[in-house]
Structures are given as structure tokens and as C-alpha cells.
Amino acid sequence: MLNQATSEEIIINCAPIETRAAVLDNGVIQELYIEREHHRGRVGGIFRGKVVRVLPGMQAAFVDIGFERAAFIHAKDIYHPPERDAEPEQNAESECDVIKGALGDVSECKSPSGHSNAESPPLRENVIPDIRELVTEGQSLVVQVAKDQIGTKGARLTTHLSIPSRYLVLMPLASHVGVSLRIDDDEERLRLKEIIETRRAESTGELPGIIVRTAAEGASAEALRRDFDFLLKLWADIKPKMKTVPPGQAILEDLPLYLRILRDLLRPQVERVRVDSRRIYEKLCAFSRQFLPEFESRVAYYSGDRPLFDLYNAEEEINRALQREVQLKSGGYVVFDQTEAMTTIDVNTGAFVGSRNLEETIFKTNLEAAQAIARQLRLRNLGGIIIIDFIDMMDPEHSRQVIRTFEKSLEKDHVKTKITNLSELGLLEMTRKRTRESLERILCRNCPMCSGRGALKTPETICFEIYRELIRESRQYNTDEYLVIASQEVVDRLLDEESSNVADLAEHVGATIRFQVETLYHPEQFDVVPT
């Protein structure tokens with residue numbers, strides 16, 4: 001029996017065609033990441049694209065970046081320099097040249113973005129121009145993937161480039177230093193900002209903006225400076241490629257999943273990272289040695305005979321996360337329904353009858369469901385609009401406690417969430433940022449039987465459709481016999497429960513009706529053939 005972990009742990013399962021990683025908290029899987037070689041996530045990749053269509057009515061454009069579907073970019077995601085009352089003198093070697101190159105020279109850069117200039121004229125209100133003023137069909141454009149292709153929707157793009165490292169994010173079109181809002185300690189925020197601003201002051205030339213990530217909390221000054229220097233070197237390597245790389249090609253692609261996991265999720269509370277591939281283990285050690293030396297000792301190679309995901313019951317958790325219902329320990333259950341527009345979640349008491357009164361039973365079920373839902377949102381990676389139907393509570397204090405519990409459970413979620421109060425109908429509305437496919441969309445497809453409807457017509461309904469088709473055929477053809485070909489279940493019903501109706505129909509159309517079973521037919525499929 002596996003002992004429960006006392007802190008967070010990360011496990012990475014590597015195969016030649018697929019990499020899976022799971023984040024565990026107290027031995028329970030909280031998040032799951034899957035990357036397949038033929039369908040790698042492209043979020044964060046920088047590409048030189050070609051505008052293939054401009055849509056003025058949507059204030060957007062489609063851009064070909066070499067993907068199966070053309071990607072989508074909105075006017076608000078295309079950089080355009082803010083207007084000033086007077087145009088300052090330009091520097092031919094400034095960041096403006098890079099920005100203009102990224103935008104295809106369609107707008108005039110009015111001030112360098114590398115440094116803030118206290119003597120520059122004040123900015124006017126930054127109004128989004130018409131999409132036709134920003135891009136034209138056939139124009140090349142340097143873009144970054146903000147959202148992967150999801151379902152039938154192409155990737156979402158932006159020209160506001162950002163390049164992450166372990167502790168920092170480089171923002172080429174900004175000039176300020178910011179600190180993640182998730183770092184609450186004011187002294188720590190000030191310390192981090194001072195370290196980066198001091199390092200910027202020591203550097204020469206025009207510098208891009210920097211955002212200090214949440215992972216930087218408690219990081220040493222040396223680690224932050226090392227990250228800063230790495231990003232500047234990377235940006236210096238990217239800039240010339242922005243004009244030389246052919247359209248449809250990548251300028252910079254993000255790291256593979258196993259390295260992104262280390263870069264983004266390895267933090268002090270993570271006790272260990274276990275990986276079951278010797279080759280990937282060596283790569284992780286080399287990456288840690290270079291960028292995360294303080295965490296290198298936490299990376300471990302798993303060489304056991306039992307599959308790593310089986311060891312942590314991960315396979316079972318994945319299968320449960322694909323089910324519609326999630327059972328609660330109390331006996332209640334939660335139902336998840338994922339649609340194109342939103343995800344709806346319904347809470348039910350089920351077999352839980354409580355021991356005191358109905359209101360207390362409902363309250364306890366909702367409290368347990370709130371924690372379970374927060375975990376399932378991360379595990380299933382559900383995003384977009386989410387509507388939660390908790391069981392109606394009469395006591396306002398119970399409602400407040402359930403919402404507080406839910407908010408507390410969401411604090412560990414790395415994805416941005418926004419929660420509203422309970423509506424008049426007792427529904428909790430929230431949004432969770434969606435940047436990649438949900439677990440269900442990655443691992444499943446629509447049912448070939450019902451085409452994703454979730455329901456099939458009953459055999460009785462198909463029999464009535466056959467009756468109507470026979471009447472239609474009898475009015476077009478003069479024949480003595482009809483052959484009805486259908487699935488086994490439908491034919492059985494026609495010969496049994498519907499036999500009297502079939503006899504009446506044969507008399508009505510004036511022809512004999514024969515039946516034939518076709519085992520390859522879909523339950524809703526049939527043919528009526530005059531013979």
C-alpha cells in the first residue's frame with residue numbers, strides 16, 4: 001500500500017508517442033496534463049503568419065500559421081502604439097523596428113517601447129482602430145498562440161508577445177516591471193521588484209518589460225538575475241528571426257510538456273518529481289541543473305516494474321474523471337454536463353439522508369460537493385462559462401459558507417477563475433479561463449451511435465418512421481412486395497409487438513411486407529425497397 005504523501009508530488013509518465021503528467025496533493029490527483037506527439041499544444045509558440053481573410057464585421061482576421069485550420073486574431077489583440085499629442089524623435093535602432101516588423105509595418109511606432117520616457121507627451125485614450133487599419137489580406141504578421149485549437153475553433157492569436165521563464169515573463173511591447181498579484185506579501189513584492197529594476201539598470205540598451213511570476217516568491221536574487229539574463233539572450237535571438245522566417249513557420253516553440261512542468265509547477269511545496277523514463281530523467285536533471293539548481297535533488301527516476309500511474313491509482317482517477325457522475329463520500333453525487341456553450345454541474349443528495357434534519361443534510365452535501373467540484377474543474381480542465389446548481393438552501397449563512405468553501409478550494413487552481421454570487425434562481429455562475437482542450441475532448445470523441453446527442457430514437461419510433469416511409473413508397477410505386485431492412489432490435493419489434501400494425505399496414509398499401517436484419521445497420525438506420 002502506498003503511503004500518503006505529506007505534500008505535493010508530480011509524476012511524469014513518458015512514452016514515445018505520449019507524455020502524461022499529474023500533480024498530486026496528499027496522494028490525490030489534482031491536475032492532469034497530456035501531450036501527444038501528433039497533437040502537441042502550441043500555446044506560447046511564436047509564428048510568422050500570413051493574413052488570409054479580414055472580417056470587418058467581427059473586427060477580426062484569420063491568419064495562416066501552418067496549422068490545419070486558420071487561426072483567429074481579434075483587433076484588440078493586435079498591437080497598435082498609443083497616440084501622443086506630439087511625436088517624439090524616433091530612434092532607428094529602437095524596439096519600434098521590431099514592433100513594426102511584427103505588425104507588417106502597418107502602423108507607425110511613435111515611441112520606443114523599451115523604456116518609459118518621463119518627458120514623452122501624455123497618452124491619448126487608446127481606442128481600438130478598425131481591423132482594416134491594422135492588417136490587410138496577404139500581409140505577414142508575427143503572432144503568438146494564446147489559445148490552442150479547441151473543438152472546431154481555430155487557435156486564438158495575439159501580437160502582444162510574452163516569453164516565460166521559471167520566475168519571469170518578458171513582455172517585448174511593455175516597458176514596466178510588474179509583480180504577480182498572487183504574491184500577497186508587500187515586502188516580498190517590493191524585494192522582487194527592486195531586484196529586477198536593479199538588474200535592468202545595470203543592463204544597456206532598450207529593455208522590454210518584465211513580469212515577476214508567482215513562482216518567484218522566495219527566490220534568490222541570483223536566480224532572478226539568471227532568469228533575467230536568459231530572457232534577454234533569448235529575445236536577442238528571436239528579434240532577427242521575426243523578419244527572416246518564412247510565413248507559416250515557427251520562430252519560437254514552447255518547451256515539451258515534461259520541461260514545462262518543471263518550469264511552471266515546481267515550487268517549494270513539491271516534495272518530489274518522479275519520472276519513469278531514463279532519457280527524460282536525464283533531460284530533467286540537466287534542465288534543473290541549469291535553471292533550478294535548488295530543486296535538482298527532488299527529481300527522481302522511477303524504475304519499478306509496476307507502471308508509475310498505476311502506482312498512484314492515476315489510471316482509475318482518469319477513468320472516473322471521464323464519467324458524468326462523481327460520487328461523494330456522504331452518498332450524494334455531482335453530475336457534470338459539458339456542452340459547446342458552457343458546462344453545467346448539478347448537485348444531488350442521492351443516498352445521503354443525514355442524521356438531523358433536511359436543511360443540515362443539504363448543507364453538508366453542498367459543502368462536500370463544493371470541494372469535489374473545485375478538484376474536478378482542475379482534473380477535467382473544464383473552462384469557459386460554468387453554472388453550478390447547488391441544492392437549494394434556506395439559511396443564507398449556509399449559502400455563504402458553501403461559497404467560501406468553494407472559493408477556498410479554488411485557491412490552488414493555477415488557472416484564472418471568477419465567481420459571482422448565487423443568482424435569484426439559486427445558481428452559482430463562474431468562468432474559468434480556457435486555453436487548452438478539456439480532458440474529455442482530448443481522450444474521447446462523440447459517440448458514433450448518437451453523434452454526440454446522448455440519446456437514440458427508440459425502436460418504436462423507428463417502426464413508426466418505417467410505416468410512414470411505406471405509405472410514401474406505395475403512392476409512388478405499384479408493386480406487390482416491399483422489403484424492409486433494419487437492425488435486429490427494430491425487426492424483432494416489427495415481428496412481435498407491432499405485428500398487428502404491420503398486418504393492417506400491408507392491407508392498406510396492398511402489398512406484402514418482408515423484413516430482413518442487417519447487423520451492420522445503425523439502430524436508427526433502415527431501408528424500404530420495392531421488389
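In the predicted model, Thr344 stands opposite Ile387 of strand S19. Strand S19 covers residues 384-389 and runs parallel to strand S18 (residues 342-348), to which five bridges join it; strands count as paired if DSSP finds at least two bridges between them. On S21, Glu429 is the residue opposite Ile387. S19 and S21 (residues 428-432) run antiparallel and are likewise joined by five bridges. Strands (E, at least two residues) and helices (H or I, at least four) are DSSP runs numbered from the N terminus. This is a predicted model, in which local features require pLDDT of at least 70 and side-chain atom pairs pLDDT 80 or more, whereas totals for chains, interfaces and linings use all residues. Residues are numbered from 1 along each chain as its sequence is written, and side-chain values use heavy atoms, with hydrogens and water left out.

Helix H12 (residues 459-476) packs against helix H13 (residues 488-495), their axes coming within 9 Å and crossing at roughly 70°. The axes are lines fitted to C-alpha atoms over the stretch in contact, and angles run from 0 to 180 degrees between N-to-C directions. The two helices H12 and H13 are therefore roughly perpendicular, a class that spans 65 to 115 degrees. On the H12 side, Pro459, Glu460, Ile462, Cys463, Ile466 and Tyr467 meet Glu489, Val490, Arg493 and Leu494 of H13, where contact means heavy atoms within 4.5 Å. The residues of this contact divide into seven nonpolar, no polar and three charged; Ala, Val, Leu, Ile, Met, Phe, Trp, Tyr, Cys and Pro count as nonpolar, Asp, Glu, Lys and Arg as charged, and the others, Gly among them, as polar.

Val490, Val491 and Leu494 of H13 are buried, that is, under 20% relative accessible area with a 1.4 Å probe and protein chains only. These residues lie on the same side of H13, because they cover an arc of only 95° around the axis; the arc is taken from the directions from the helix axis to the C-beta atoms. Their cover includes H12, S22, helix H14 (499-509) and strand S23 (512-517). Ser487 lies in the loop between strand S22 (481-486) and H13 and counts as buried at 8% relative accessibility. Beyond its neighbours within four places in sequence, Ser487 contacts Val517, Glu518, Tyr521, His522, Pro523 and Gln525.

Leu224 is located in helix H4 (residues 221-244) and is buried, with a relative accessible area of 0%. Sequence neighbours within four places aside, Leu224 contacts Tyr167, Leu168, Leu192, Ile195, Ile196, Ala216 and Ala219. Leu192 is 32 residues from Leu224 in sequence, with a C-alpha to C-alpha distance of 8.4 Å.

Definitions and conventions: Parallel < 35°, antiparallel > 145°, perpendicular 65-115°, else oblique. Buried < 20%, exposed > 50% of the residue type's maximum accessible area, 1.4 Å probe, protein only.
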